[in-house]
Amino acid sequence: MPRLKLYQEEFYPSPLQNTWKEFTENHAAVASLYCVLFFIILVIFGPLLAPFDPLQQHIDSLLVPPTWDSNGNILYLFGTDGLGRDMLSRIIYGCRMTFGISLLLVVLSLFIGVALGAIAGMSSGLRSSFLNHLLDSLMAIPTLLIAIIIIAILGTGLVNSMWAISLALIPQFVHQTRDLVRNKLKKEYVLAAQLDGASKSHIFFNSILPNMGEMLVVQATLAMSTAILDISALGFLNLGAQAPSPELGAMLSEGLDVAYLAPWNIALPGAAIFLMMVSINLVGDGLRSALRYRLLR
Amino acid sequence: MGKIFLRHLSLLVLTLSVLSLFSFSLAFLFPGDPLTNLTGVRAENQEAYSHLAASYHINGSLFSQYWHYLGQLFVGNWGISFSSGLPLAEEINRSLAASIELSAYALVFAFIIGLPLGFVAGLKHHKIIDYSLLSASVIGYSIPVFWLALILILIFSLQLGWFPLSGRIGLLFDIPYKSGFILLDILLSDLPNKSDAFYNALRHLVLPTLSIAIVTSTIVLRTSRRSVIEVMNSDYIQAAYARGLSSRQVLLKHGVKNALIPILPLLVMQFTTLLTNAMIVETIFSWPGIGNALIQAIYQRDFPAIRAGMLAVSVLVLTFIISMDLMIRLIDPIRRRPENATA
Amino acid sequence: MMSLLDIKNLTLEIDTQNGWIKALDKINLVIEEGQIHALVGESGSGKSIIVKAIVGAISQRWRLTADRMNWRGLDLLKMSIKERRKIIRSDISVIFQNPKSSLDPIVTLGQQIKEVISVSHLEEGMFWHRGKQRHKFAAELMHRVGIKDQEVYMRSLPHQIPNDVCQKFMIAMALASQPKLIIADDPTRGMEITDKTQILNLLSRVSQIRKLSILFVSHDLLAISSMADYMTVLYCGQTVESGRMSQLRKRALHPYTKALMDSAPSFRKDLPPKSPLSSLDGTIPTFQHLPIGCRLGPRCPRARKECVKVPEVRRIHDHTYSCHFPLHRDKK
């Protein structure tokens with residue numbers, strides 16, 4: 001879109017605008033962004049959109065196939081499950097739970113992780129190096145294992161699984177933040193600020209943090225996909241959300257019993273999780289590529 | 001070079017001790033009597049209980065208890081399971097071997113598919129084949145592994161009946177336990193129908209391996225593609241072309257080696273994801289691995305088993321990662337530069 | 001006499017967001033045998049792109065047109081990429097700016113130089129002798145460029161050796177294929193003065209001994225003036241003047257050349273202390289705002305209305321220039 005050139009001015013977009021421009025050139029990423037926005041709308045307006053209550057059982061309509069099947073019923077758009085509950089409403093609520101909770105957990109872990117990582121990064125010396133290596137090694141433990149242990153201590157249930165997952169996400173943010181902070185500390189503009197007499201917190205909030213922002217967003221999308229996967233995995237294993245809660249993973253495990261008769265009980269919740277993952281991953285990919293090209297050009 | 005080795009060794013020892021400390025503390029964190037959690041012996045069993053209480057210095061300091069616990073670990077006494085009553089050490093051995101077998105096959109498969117495809121995608125950057133491979137990898141990467149396993153079961157087990165639904169081998173076969181790796185054990189044993197057993201075991205392996213491998217191979221693909229793109233755009237490759245070297249020479253002699261080196265550390269980090277996926281898949285397919293054992297243990301609130309299992313998995317993961325890290329340091333000529341003071 | 005490299009009216013267009021832009025606009029370059037030819041211009045004038053165009057390393061999306069682009073009589077434009085690469089491998093060698101980044105970081109120097117030595121350069125012998133012969137030839141090449149302790153360096157990796165040795169090594173590699181032309185793209189950039197002089201002396205010596213032509217691309221006038229016989233001045237993708245070094249120094253015809261010469265303090269005879277150094281006002285125009293006609297127009301102190309048309313190339317013996325209002329040749 002050519003700008004009206006009345007004067008011999010140069011149009012220099014800011015880095016953020018540059019990133020956005022690169023991002024929009026990737027059509028798949030933009031489509032996924034709309035998808036993510038759609039899910040966010042579901043999170044906020046879900047209860048208004050769902051036709052039925054997700055826990056309400058319709059005894060006379062058990063295992064009704066989805067509308068596009070010949071035996072289907074227009075009333076139940078996605079069919080019903082073994083207890084007669086409407087799949088569409090359950091899926092909407094399920095998406096709401098999974099997506100919303102993941103978002104919440106990521107934001108929480110981000111704040112805690114960045115805080116810890118900043119402290120670790122800004123400090124230096126033998127103590128920090130020792131801590132860093134320890135942290136790196138402990139990050140190697142699978143998230144599911146950490147979740148299992150925490151659930152063993154605290155018991156099953158959605159809230160406990162939330163604690164478990166956020167505790168598993170924090171090390172990633174700490175590691176990433178620490179690396180970034182270390183990197184930026186070596187730059188000359190930080191040195192300039194230090195020579196000007198800026199305090200450590202001033203340097204952090206004004207020089208380092210703004211430069212970390214984009215990388216943190218990319219990391220957050222990665223963490224988000226891990227969180228969605230872990231929440232549904234724990235729900236599936238009956239360690240997290242318990243039945244009759246309409247969590248997508250729990251729905252999958254319930255649908256196992258009737259899988260052969262009513263495959264849509266498995267296909268649809270799984271497809272919803274898949275769609276969430278794909279959109280988040282594509283957005284993350286798009287952001288990463290946009291950042292890379294912005295730095296190149 | 002010895003210094004690097006020592007450094008890694010000390011790191012391993014350090015993290016393992018932290019882990020053992022954590023495992024010890026879990027006995028107190030888990031609900032129930034700490035001594036029971038530690039050993040698996042309940043209070044009803046009076047004699048054994050009091051005996052253990054004495055040897056664990058239950059009224060003494062925490063440190064002496066921890067020391068005793070550490071000693072027991074080294075000796076091989078990892079406690080007794082609540083549910084089965086059997087000593088945990090041997091159960092863990094078997095399950096661990098089964099898990100390692102499954103994960104190893106999945107990893108090899110993922111590399112065999114992911115690496116070459118990643119190279120092809122990287123070399124034909126921005127062309128159609130690159131885009132299609134990339135899209136395929138995004139899809140494979142985003143599928144929840146349990147959904148994939150379920151769909152595979154639905155189609156290949158129930159609908160088509162090609163592959164069995166669960167387990168490691170048919171119930172009719174009884175393979176003596178030698179190494180824990182079932183394919184190896186079959187070959188080593190002297191059963192009358194070895195080839196049948198082998199074929200049966202293979203059929204049981206296919207679906208679980210595929211479920212894990214599909215997700216992992218996409219990650220391998222993406223990583224190697226990115227590495228190849230970066231290497232091919234680097235200055236020395238352009239300079240080699242300007243020197244007039246042919247495409248084949250440039251690629252084989254310089255491109256491939258340089259592209260492989262940064263891949264290894266990234267893939268080592270993916271090992272934990274592989275393990276998580278393996279654990280979930282084991283549960284779905286009732287594969288007798290450590291993941292399945294852990295999850296069953298948590299269903300039954302078998303705390304000693306959980307602790308022992310956690311310790312085993314963590315030890316495995318840490319040893320693997322640290323030794324891989326060491327190997328990478330040794331292989332990569334650039335990293336062999338002497339370390340400076342900053343970590 | 002056939003010139004080694006003969007380029008006439010080469011135009012290179014790049015597709016950008018603002019349309020097709022002429023990165024190189026009708027440039028001319030003629031290099032004879034045994035000649036040290038300097039290509040001078042500010043940063044961004046298109047020097048590196050010319051090197052890429054000659055070597056054939058330009059992107060597929062760019063458009064290259066020329067009236068003539070001959071190498072020893074052969075038309076380079078008509079050839080396929082394979083044929084061009086074959087000629088480059090045998091006849092032309094290139095040395096780049098940052099020597100360490102032109103080498104594969106995980107392969108030893110010895111292996112890299114042996115790669116460039118083709119069988120035809122070795123003596124007769126059975127193929128199992130070839131490894132040793134290669135090694136000997138490589139060591140000799142390194143000795144000729146002044147690298148001592150060849151064995152040690154042959155076993156080292158690129159990040160372990162000092163910068164000047166590295167550049168000498170690149171020159172040795174360039175000589176391995178026994179080329180007729182060496183293109184040196186700013187090889188002494190960022191080097192210390194001692195290293196720089198060594199490299200420049202080496203290049204002139206090599207050129208003299210083997211009757212090699214060298215195309216030396218740079219904006220370092222001091223280095224060039226000590227070495228070069230001929231010089232072509234490039235401004236913003238247009239060749240403005242070309243001729244013998246001595247002539248250009250004494251009597252530059254194009255205002256830009258004069259400004260360049262003036263800006264280097266050693267070219268001025270008597271410089272009173274604390275006098276302002278002369279330079280041309282303004283800077284190189286950006287891609288989006290290239291002037292029409294002579295691209296020096298907006299900056300040139302002698303510009304007039306006619307300068308919106310691209311001046312044609314005029315020639316006096318071997319001194320070519322393209323300017324409407326050249327110095328020393330004012331129309332009456």
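Let's start with chain C. Its secondary structure comes to ten helices and 13 strands. Keep in mind that this is a predicted model.

First, overall dimensions. The C-alpha trace of chain C spans about 75 × 50 × 40 Å along its principal axes. Now take the contacts in chain C between residues at least 6 apart in sequence. Of these, 64% join residues at least 24 apart.

Next, the sheet. Eight strands of chain C form an open sheet, and the pairing is mixed. The order is S7-S8-S9-S3-S10-S11-S13-S12. Which strands stand at the edges? They are S7 (92–95) and S12 (314–316) of chain C. Each has a single partner strand, so one side of each is left without a neighbour in the sheet. From one strand to the next, the twist averages 15°.

S12(C) pairs with strand S13 (residues 319–321) of chain C in the antiparallel sense, over three bridges. Look for C:Arg314, which stands opposite C:Tyr321 in S13(C).

A helix packs on this sheet: H1 (residues 47–55) of chain C. H1 of chain C touches S3 (36–40), S7, S8 (181–185), S9 (213–218) and S10 (230–235) of chain C. The direction of this helix makes about 145° with that of S8(C).

Now zoom in on S9(C). How many of its six residues are buried? Six of six, so to speak: S9(C) is mostly covered. Both faces are covered. On one side sit C:Ser213, C:Leu215 and C:Val217. On the other sit C:Ile214, C:Phe216 and C:Ser218.

S9(C) also has its strand partners. S3(C) and S9(C) run parallel, joined by five bridges. Here C:Ala38 has C:Phe216 as its bridge partner in S9(C). S8(C) pairs with S9(C) in the parallel sense too, over five bridges. There, C:Asp185 has C:Val217 as its bridge partner in S9(C).

On to a helix: H4 (residues 130–144) of chain C. H4 of chain C has 15 residues. From first C-alpha to last, this helix reaches 21 Å, close to the 21 Å expected at 1.5 Å a residue. Which residues of H4(C) are buried? They are C:Arg134, C:Ala138, C:Leu141 and C:Met142. These four cover an arc of only 95° around the axis, which puts them on the same side of H4(C). An α-helix has 3.6 residues a turn, so residues three or four places apart point the same way.

Now the other side of H4(C). There, C:Lys132, C:Lys136, C:Glu140 and C:His143 are exposed. What covers the buried residues of H4(C)? The cover includes helices H3 (109–116), H5 (150–154) and H6 (163–176) of chain C.

Follow the chain past this helix. Just after H4(C), C:Gly146 takes a positive phi of about 95°. Then comes C:Asp149, in the loop between H4 and H5 of chain C. Its phi is near 55°, a positive value in a residue other than glycine. C:Asp149 is exposed, because 10 other C-beta atoms lie within 10 Å, and the cut-off for exposed is 12 or fewer.

There is another residue to check, C:Asn9. Phi of C:Asn9 is near 55°, again positive in a residue other than glycine. C:Asn9 lies in strand S1 (residues 5–16) of chain C. With 15 other C-beta atoms within 10 Å, C:Asn9 is partly exposed.

Now over to chain A, and A:Asn18. A:Asn18 lies in helix H1 (residues 15–24) of chain A. Buried or partly exposed? A:Asn18 counts as partly exposed, because it has 17 C-beta neighbours inside 10 Å. Leaving aside neighbours within four places in sequence, A:Asn18 is in contact with A:Pro13 and A:Arg294. A:Leu291 is 273 residues away from A:Asn18 along the chain, yet their C-alpha atoms are separated by 8.8 Å.

Last, chains A and B. Their contact takes 35 residues from chain B and 35 residues from chain A. On the chain B side, several helices each supply at least two residues, including H1 (2–29), H6 (128–142) and H7 (145–159) of chain B. H14(B) gives the most to that side, with eight residues.

Technical notes. Residues are numbered from 1 along each chain as its sequence is written. Chains are lettered from A and ligands numbered from 1 in the order in which they are written. This is a predicted model: local features need pLDDT of at least 70, side-chain atom pairs count only at pLDDT 80 or more; totals for chains, interfaces and linings use all residues. The expected span of a helix is 1.5 Å times one less than its number of residues. A residue is buried if 20 or more other C-beta atoms lie within 10 Å of its own, exposed if 12 or fewer, and partly exposed in between; C-beta atoms are placed from the backbone. The arc is that of the directions from the helix axis to the C-beta atoms. Two residues are in contact if their C-beta atoms, placed from the backbone, lie within 7 Å. Two strands pair if DSSP finds at least two bridges between them. Axes are lines fitted to C-alpha atoms, for helices over the stretch in contact, and angles run from 0 to 180 degrees between N-to-C directions.
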